[in-house]
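Biologist: I'm new to this one. Could you walk me through how to read it?

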Amino acid sequence: MVGLRFEGIVDLPTADGSLRALKFTMDRAVTDDFLLRSPGPAGRTVRFATDRLTVQGDVAFYATRFVGRLLGIKITLTPDLPFPDGLPITSPVPITFTEPAMELAFVTSDTLTARPALQLTLS
């Protein structure tokens, strides 16, 4: 993640009401072995997968849970954990998480690139 900034805890509007989420912004994020599972029709699961996914330009992640290892130390973040109120936290250097897992609620970016291609399956 390049230009990572923790913006705080937000109430993200959804069709079913608001959802408390962690908001992260960044210039660019690259994920190797990307896999996203999402509820699909008739109780099925939609699966998006690619070897490498890059999002860049005005990137915002909203997540209800983020787990990853930073320098070998497991970090778990949720909106229920105590965070400084109103103090965005910015990293001045690129950050690499290993074994990341995120309960992603919403993401926006100017561009999304999947290499070699984004595979979509329904199971």
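Modeller: We'll take the pocket, then the ring pairs, then some backbone details. This is a predicted model, where local features need pLDDT of at least 70 and side-chain atom pairs count only at pLDDT 80 or more, while totals for chains, interfaces and linings use all residues. Residues are numbered from 1 along each chain as its sequence is written, and side-chain values use heavy atoms, with hydrogens and water left out.

Biologist: What is the volume of the largest pocket?

Modeller: First, the idea: on a 1 Å grid over the protein atoms alone, a pocket is an open set of points with protein on both sides within 12 Å along at least five of seven lines, and lining residues have an atom within 4 Å of a point. The volume is the space filled by probe spheres set on the points. Here the largest pocket comes to about 1,100 Å³. It has 31 lining residues, and those closest to its centre are Thr31, Phe34, Leu35, Phe61 and Met102.

Biologist: Which strand gives the largest share of that lining?

Modeller: Strands are DSSP runs (E, at least two residues), numbered from the N terminus. S2 gives the largest share of the lining, twelve residues. S2 (17–39), S3 (45–70) and S6 (98–108) each supply at least two.

Biologist: How many aromatic pairs are there?

Modeller: Rings of Phe, Tyr and Trp (its six-membered ring) pair if their centres lie within 6.5 Å; planes under 30 degrees apart are stacked, over 60 edge-to-face, the rest tilted. That rule gives three aromatic pairs. Phe6 and Phe24 have ring centres 5.4 Å apart and planes at 55 degrees, so this pair is tilted. Phe6 sits in strand S1 (residues 5–14) and Phe24 in S2, so the pair ties together parts 18 residues apart in sequence.

Biologist: Is Phe6 buried or exposed?

Modeller: Buried means under 20% relative accessible area, exposed over 50%, partly exposed in between (1.4 Å probe, protein chains only). At 8%, Phe6 is buried, and so is Phe24 at 9%. Now take Tyr62 and Phe106: their ring centres are 6.0 Å apart with planes at 50 degrees, so that pair is tilted. Tyr62 is buried at 14%, whereas Phe106 is partly exposed at 41%.

Biologist: Where does the cis peptide bond sit?

Modeller: Look at Arg115 and Pro116: a cis bond joins them, with omega about 0 degrees. Pro116 is in the loop between S7 (111–115) and S8 (119–122).

Conventions. On a 1 Å grid over the protein atoms alone, a cavity is a set of points where a 1.4 Å probe fits but cannot get out, and a pocket is an open set with protein on both sides within 12 Å along at least five of seven lines; lining residues have an atom within 4 Å of a point. Helices (H or I, at least four residues) and strands (E, at least two) are DSSP runs, numbered from the N terminus.
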